[in-house]
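Subject: Structure handover and notes

Dear colleague,

Below is the structure that I promised to pass on, and after it come my notes on what was found. Please read them with the model open beside you.

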Amino acid sequence: MAGLEDGREWAYRVDPYGFERPDDFDYASYEAFFSRYLVVLTRRAIKWSKLLKGKNSIQKSLKVKRYIRKGIPNEHRALIWMIVSGAQTNMEQNPGYYQRLLEGEKNDKLVEAIKTDMNRTFPDNVKFRKTADPCLQHTLYNVLVAYGHHNKAVGYCQGMNFIAGYLILITKNEEESFWLLDALIGRILPDYYSPAMLGLKTDQEVLGELVKMKVPAVAELMERHGVMWTLVVSRWFICLFIDILPVETVLRIWDCLFYEGSKIIFRVALTLIKQHQAFILEATNFPDICDKFKQITKGTFVTECHTFMQKIFTEPGSLSMATIDKLRETCREKVLSQG
Amino acid sequence: MSRKKAARSKGGGSAPSAALPPPAAAAPRSPAPAPELPRNGGATSGRPSLSSSGEFYDLAFKVMLVGDSGVGKTCLLVRFKDGAFLAGSFISTVGIDFRNKVLTVDGVKVKLQIWDTAGQERFRSVTHAYYRDAHALLLLYDVTNKASFDNIQAWLTEIHEYAQQDVVLMLLGNKVDSAQDRVVKREDGEKLAKEYGVPFMETSAKSGLNVELAFTAIAKELKHRSMKLPNEPKFKLHDYVKKEVRGSGCCRF
């Protein structure tokens, strides 16, 4: 019996994706949440299997979009991400391309930069340990090296290691992870990772403008204390909420990110800020503000991923692509003029 | 010096900086922070304040850790802050973050707000902005990584361009615990530091060698600059470091 107890203990200490739970993990409230979420998951699984009818394909449609907002069951997640992001098509149209990248000549500097981050990517995940078998560090290394040679303008940027790591955990497939990474970096996200990081800087400014419109008191607080947005949100954008929000919540966000695009990041950020407006406004100085922005990404509000995902489509109010495009244009000018 | 609790402002709208230290102007040699930068980043004197973690302090300074990716900036900070080594349990730093530590220097409570930065080149355009109101910079290289040492000159150029002229600067050769993997000799580090007139020491975030000293030396220098007493002899950072520094032990390269 002791062995069983130990086994169970271990299973609880490591989540289904291989991440060790922190010592202060609140098992009781997580269990309470998960038993409720399990009902949702079961209902969604039935709906999805009816939608897919055993086929490995779907067409984009309003119904599919609605289904995705309610969460893709884990067993279909890789497939749906591949299809709706266009990664599947690219992979099919370029057979052998990934392998050729791996076999080609390597840029030493790029390889060195990637190696530096190998032991620093998910040390809290048992599958990424050097001693793990299979060890996902090798897979991660291959995906990043191949990507750096595929997209030379970007090469390798810290943050991509975490994103590729998640893709590998979900797809359990090296080549699919590569094509999904390409979908994100090459198409879905606007220039976050290239050396000038213009898209990143622009989107941080855009968020600042959106907060001014939708949560003006917080924008005013930031301005009053001279807190630059980049300081509190750069990791939200660069890591797409990895290590910021709980794994399950990140995956639900990514479901929508692959279908609806980078706008989702603003919805998540605005929801976090608006929901915790009163809390943030308690801050009376610069370090306080930074601390509040760390606090608001923790707790039941973000753990309850299903409710959270409903919130991101209601809480920030309307957010048209036209508005974002316009803001991106003006903010890009502003960033460029600042040098 | 008495340390009574500083008044904290209540209610969001009024006197937001009541609990904050007075502006940097209180310290004659420290630069005034640029308007968009943290206003409490400046040195203060004359009035004790309460840091956000609830610790009292008399002076506050901003210190930045810079250097190539993977040289051990985060580990150095954690070693200093928590006295622990993050063996295999830390992640690469993306962007920029800071942690506070209050230490006592000659009976004065000095709060260091220590900024940890991503070392990858492309993040520099993000971190530049923070150089401007840094009071001190710790520039790190990794003694087991030649490239990180070769890049020190480029870092110095960058620092000269973006940091304040009188910024306190120190060069640290980290990871000296890895004696077998060492490729940069201590003498090379010393020579480079001398060339640029910068104090130098070798450190190990893993063993803790000279970590406390690096931050203490910086804190002493900053404290002396901002509250120089009339009959006090001038504090000489170079001499202090030379006197206090410990070698990396038996395995001299």
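**Loops of chain A**

P134(A) sits in the loop that runs between α7 (108-118) and α8 (136-150) of chain A, where helices (H or I, at least four residues) and strands (E, at least two) are DSSP runs numbered from the N terminus. The peptide bond that leads from D133(A) to P134(A) is cis, with omega near 0°.

Before going further, please note that this is a predicted model, in which local features need pLDDT of at least 70 and side-chain atom pairs count only at pLDDT 80 or more, while totals for chains, interfaces and linings use all residues. Residues are numbered from 1 along each chain as its sequence is written, and chains are lettered from A and ligands numbered from 1 in the order in which they are written.

Two lysines of chain A also deserve a look. K53(A), in the loop between α2 (27-52) and α3 (62-69) of chain A, has a positive phi of about 45° although it is not a glycine. K53(A) is exposed, with 6 other C-beta atoms within 10 Å; here a residue is buried if 20 or more other C-beta atoms lie within 10 Å of its own, exposed if 12 or fewer, and partly exposed in between, with C-beta atoms placed from the backbone. K172(A), which belongs to the loop between α9 and α10 (174-188) of chain A, likewise is not a glycine and has a positive phi of about 55°. K172(A) counts as partly exposed, with 14 C-beta neighbours inside 10 Å.

Five residues from domain 1 of chain A and eight residues from domain 2 of chain A take part in the contact between them, two residues being in contact if their C-beta atoms, placed from the backbone, lie within 7 Å. On the side of domain 1 of chain A that touches domain 2 of chain A, the largest share, three residues, comes from helix α9 (residues 160-171) of chain A. The residues on that side of domain 1 of chain A divide into four nonpolar, one polar and no charged; Ala, Val, Leu, Ile, Met, Phe, Trp, Tyr, Cys and Pro count as nonpolar, Asp, Glu, Lys and Arg as charged, and the others, Gly among them, as polar.

With its neighbours within four places in sequence left aside, I163(A) is in contact with L181(A), L184(A), C239(A), L240(A) and I242(A).

Chain B has seven helices and eight strands, and 49% of its 253 residues count as buried. Six strands of chain B form an open sheet in the order β4-β5-β3-β6-β7-β8, with mixed pairing, where two strands pair if DSSP finds at least two bridges between them. At the edges stand β4 and β8 (200-202) of chain B, each with a single partner strand, so one side of each is left without a neighbour in the sheet.

Strand β5 (residues 108-117) of chain B has nine of its 10 residues buried, so it is largely enclosed by the rest of the structure. Strand β3 (residues 59-67) of chain B pairs with β5(B) in the parallel sense over seven bridges; V63(B) stands opposite I114(B), and L65(B) opposite D116(B). Strand β4 (residues 96-105) of chain B pairs with β5(B) in the antiparallel sense over 10 bridges, with L103(B) opposite V110(B). The hairpin of β4(B) and β5(B) has two residues between the strands, and D106(B) takes a positive phi near 50° there.

Helix α1 (residues 73-82) of chain B is also largely enclosed by the rest of the structure, because eight of its 10 residues are buried. The cover over the buried residues of α1(B) includes β3, β4, β5, β6 (136-142), β7 (168-174) and α6 (211-226) of chain B. Just after α1(B), G83(B) takes a positive phi of about 70°.

With best wishes
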